Amino acid sequence: MTASIINGKEVSQEIRAGITEEVKQLSEQGVVPGLAVVLVGEDPASQVYVRNKEKACHDLGFYSEVHRLDAGTSQEDLLALVDKLNKQSSINGILVQLPLPKHIEEKAVIDAIAVEKDVDGFHPVNVGNLVIGDDSLLPCTPAGVIELIKRTGLEMSGKHAVVIGRSNIVGKPVSLLLQRENATVTMCHSRTANMKEITRQADILVVAIGRANFVDADYVKPGAVVIDVGMNRLDNGKLAGDVDFESVKEVSGPITPVPGGVGPMTITMLMQNTLIAAKRAHGLA
Ligand SMILES: Nc1nc2c(c(=O)[nH]1)N[C@@H](CN(C=O)c1ccc(C(=O)N[C@@H](CCC(=O)O)C(=O)O)cc1)CN2
């Protein structure tokens, strides 16, 4: 039997409809959420993502600023801009598009963003709050993964979730968020022995290993929910996930495609975080 497909675009639209409503209500109190996006250099994919963020702000009624800086911009100048945005009251969220050019230290820039404006959820204080279970701005892609699993109707509590990948921006935070939902979580990575034996026990399988079509049907327990966070650009220009969708969908339960699965959720959760940050800034959350 072929699995049902989890449509990330549709879920995004539903969430955005809710955000639009909240923005309308906030505007009656004179509050407009504001997002600043900073892009350094001309990476083509980053340019597309930044344009999409700008469009999302426009569509949802947010105030937005996009700062496009030369590839040769110094770290000092970038930090000065972040400092200025930290102090700007019309800005509730600051996002520095990654990757940055090699001469700029990513960590120095992330650490410089005010914790309450860190709508990427990458600042060490937000990461620490996530670890100890305190309120924090959640990283967008992992938050999107949890939202998509919820939409399948599967109760995560007590289920075995296996996460393939241990990156700071996806694997680690996703595993923490799954634990928060009371799932029993196992993490696998490039050095895991007998990976298939472990993944075949998963009721929920989240794949974020960065290798095109790595997971095939042999890795998957029949009926398991499969979430593919991979985005690999192939030599033919096409986008492939970390999951071999055609093979896996024959055995799995609900499954996300690439494109059209987790990807669209990333920008939507960013907008959600900016809304939360704006409400907190005005004592409304
Ligand atoms: N500061 C940040 N930088 C980067 C992040 C991030 O969350 N914060 N994530 C990625 C890029 N990204 C958003 O910035 C992003 C990636 C992919 C998508 C998306 O909608 N993907 C589509 C396919 C798009 C395509 O065809 O290329 C999909 O999967 O359907 C949105 C946002 C790295 N940098």
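Visitor: Which strands does helix α2 lie across?

Guide: Helix α2 (residues 44-60) lies across β1 and β2, and its direction makes about 165 degrees with β1. This is a predicted model, in which local features need pLDDT of at least 70 and side-chain atom pairs count only at pLDDT 80 or more, while totals for chains, interfaces and linings use all residues. Residues are numbered from 1 along each chain as its sequence is written.

Visitor: How are the helices, the strands, the angles and the contacts defined?

Guide: Helices (H or I, at least four residues) and strands (E, at least two) are DSSP runs, numbered from the N terminus. Axes are lines fitted to C-alpha atoms, for helices over the stretch in contact, and angles run from 0 to 180 degrees between N-to-C directions. Two residues are in contact if their C-beta atoms, placed from the backbone, lie within 7 Å.

Visitor: In what order do the strands of the three-stranded sheet stand?

Guide: Strands of a sheet pair through backbone hydrogen bonds, either parallel or antiparallel. Here the open sheet has the order β2-β1-β3, with parallel pairing (two strands pair if DSSP finds at least two bridges between them). Because β2 (63-69) and β3 (93-96) each have a single partner strand, they stand at the edges, and one side of each is left without a neighbour in the sheet. From one strand to the next, the twist averages 15 degrees.

Visitor: How many bridges join β1 to β2?

Guide: Seven bridges join β1 (residues 34-40) to β2. In one of these pairings, L35 has S64 in β2 as its bridge partner.

Visitor: What is the order of the four-stranded sheet?

Guide: That open sheet runs β5-β4-β6-β7, with parallel pairing. Its edges are β5 (184-188) and β7 (225-228), each with a single partner strand, so one side of each lacks a neighbour in the sheet. Strand β4 (residues 160-164) is joined to β5 by five bridges, and V163 has M187 in β5 as its bridge partner. Helix α7 packs on the sheet, touching β4, β5 and β6, and its direction makes about 165 degrees with that of β5.

Visitor: At what angle do the axes of α6 and α7 cross?

Guide: The axes of α6 (residues 140-151) and α7 (residues 171-180) cross at roughly 40 degrees and come within 9 Å. That angle makes α6 oblique to α7 (angles under 35 degrees count as roughly parallel, over 145 as roughly antiparallel, 65 to 115 as roughly perpendicular and the rest as oblique). P142, V145 and I146 in α6 meet P173, V174 and L177 in α7.

Visitor: How do α6 and α10 stand to each other, and which residues meet?

Guide: The axes of α6 and α10 (residues 263-281) come within 8 Å and cross at roughly 105 degrees; the two helices are therefore roughly perpendicular to each other. Among the residues that meet are C140 and T141 in α6, and M265 and T266 in α10.

Visitor: What is the angle between α2 and α10?

Guide: They pack at about 50 degrees, with their axes 10 Å apart, and are therefore oblique to each other. N52, K53, A56 and L60 in α2 meet I267, L270 and M271 in α10.

Visitor: Where do the domains lie?

Guide: The domain assignment gives domain 1 (30-117) and domain 2 (140-263); such bounds come from an automatic or database domain assignment. The C-alpha centres of domain 1 and domain 2 lie 29 Å apart.
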